[in-house]
Amino acid sequence: MNTLSSTCLCNARILKFPSISSFPRNPATKNILPRNCFRIRASSNEVDTKTEEDIENDVQEQGTAVASKISVGATSTGPAFDKDLKKVVQKTAATFAPRASTASKNPAIPGTVLYSVFEVQGYVSMFLGGVLSFNLIFPSNEPDIWRLMGMWSIWMFTIPSLRARDCSKNEKEALNYLFLLIPLLNVIIPFFWKSFAVVWSADTVAFFGMYAWKLGWLPQSK
């Protein structure tokens with residue numbers, strides 16, 4: 001009796017839920033939902049792809065704009081800095097370096113005897129300064145005035161002699177730079193290496209290096 005009652009209850013509960021097969025099927029609407037879902041997903045992917053591409057394009061355009069601004073700023077800052085530096089060097093050298101006592105035209109023009117005298121005087125004083133710095137003339141085991149003069153010979157005699165000529169603009173600019181650079185070398189180097197010969201050698205390298213830079217002796221890369 002109990003078995004029959006439980007079986008009837010189970011059948012009654014099962015009968016309350018209609019089977020899936022009992023729903024009517026319409027062949028025309030069989031595959032509408034999956035296709036629509038697929039289309040929606042495809043369209044959303046396209047939108048996302050376009051959005052990502054737009055973002056990447058915007059980022060690239062912004063990066064290009066920033067790079068162009070930086071390059072333009074660097075190119076405009078470089079010549080401006082060089083121009084200001086030239087003005088400062090020229091003004092300082094014109095203030096402290098020896099100059100002509102008259103305002104008339106410099107008679108030491110190329111091809112004249114005076115031009116050659118100043119040029120020979122400048123390079124001879126450089127050579128004698130090297131001989132004194134290397135302790136070859138008036139040798140001494142202690143620092144003395146001769147070796148000190150040899151160390152400073154390029155700044156005291158060579159540069160003023162060459163500046164006294166009517167030289168080109170680039171050479172004058174090189175001499176103005178050297179007039180300010182060599183004292184710095186002569187003061188700084190002895191803190192690390194106490195040698196008159198080393199200081200004179202550094203001055204000579206700076207002299208010819210500045211000439212090579214300003215007069216275009218170095219080969220220019222194409």
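## How two helices cross

A crossing is called right-handed if the near helix is turned clockwise from the far one by less than a right angle, and left-handed if the turn is anticlockwise. With that in hand, here is a first case from this predicted model: α5 passes helix α7 in a right-handed crossing.

## α5 against α7

Two packed helices are described by the angle between their axes and the distance between the axes. For α5 and α7 (residues 196-214), the angle is about 25° and the axes lie 11 Å apart. Angles under 35 degrees count as roughly parallel, so α5 and α7 are roughly parallel to each other.

Which residues in α5 meet α7? They are Ser153, Ile154, Thr158 and Leu162, and their partners in α7 are Trp200, Asp203, Thr204, Phe207 and Tyr211. By class, this contact of α5 with α7 has five nonpolar, three polar and one charged residue.

## α6 against α7

Helix α7 also packs with α6 (residues 169-192), here at an angle of about 155° and with the axes 9 Å apart. That makes α6 roughly antiparallel to α7. The contact of α6 with α7 draws on 16 nonpolar, two polar and four charged residues. Its crossing is right-handed.

## α3 against α5

On to α3, which packs with α5 at an angle of about 165°, their axes 7 Å apart. Because angles over 145 degrees count as roughly antiparallel, α3 and α5 are roughly antiparallel to each other. Left-handed or right-handed, how does α3 pass α5? The crossing is left-handed.

From α3, the contact takes in Phe118, Glu119, Gln121, Gly122, Tyr123, Ser125, Met126 and Gly129. From α5 come Ser153, Ile154, Phe157, Thr158, Ser161 and Leu162. Sorted by class, the residues of the contact of α3 with α5 are six nonpolar, seven polar and one charged.

## The second largest pocket

Which element supplies the largest share of the lining? It is α3, with four residues.

How many charged residues does the lining of the second largest pocket have? None; the lining divides into seven nonpolar and four polar residues.

Notes
Residues numbered from 1 in each chain as written. Predicted model: local features only at pLDDT ≥ 70, side-chain atom pairs only at ≥ 80, totals over all residues. Heavy atoms only, no water. Helix = DSSP H or I, 4+ residues; strand = E, 2+ residues; numbered from the N terminus. Nonpolar A, V, L, I, M, F, W, Y, C, P; charged D, E, K, R; others polar. Axes fitted to C-alpha atoms, helices over the stretch in contact; angles between N-to-C directions. Parallel < 35°, antiparallel > 145°, perpendicular 65-115°, else oblique. Contact = heavy atoms within 4.5 Å.
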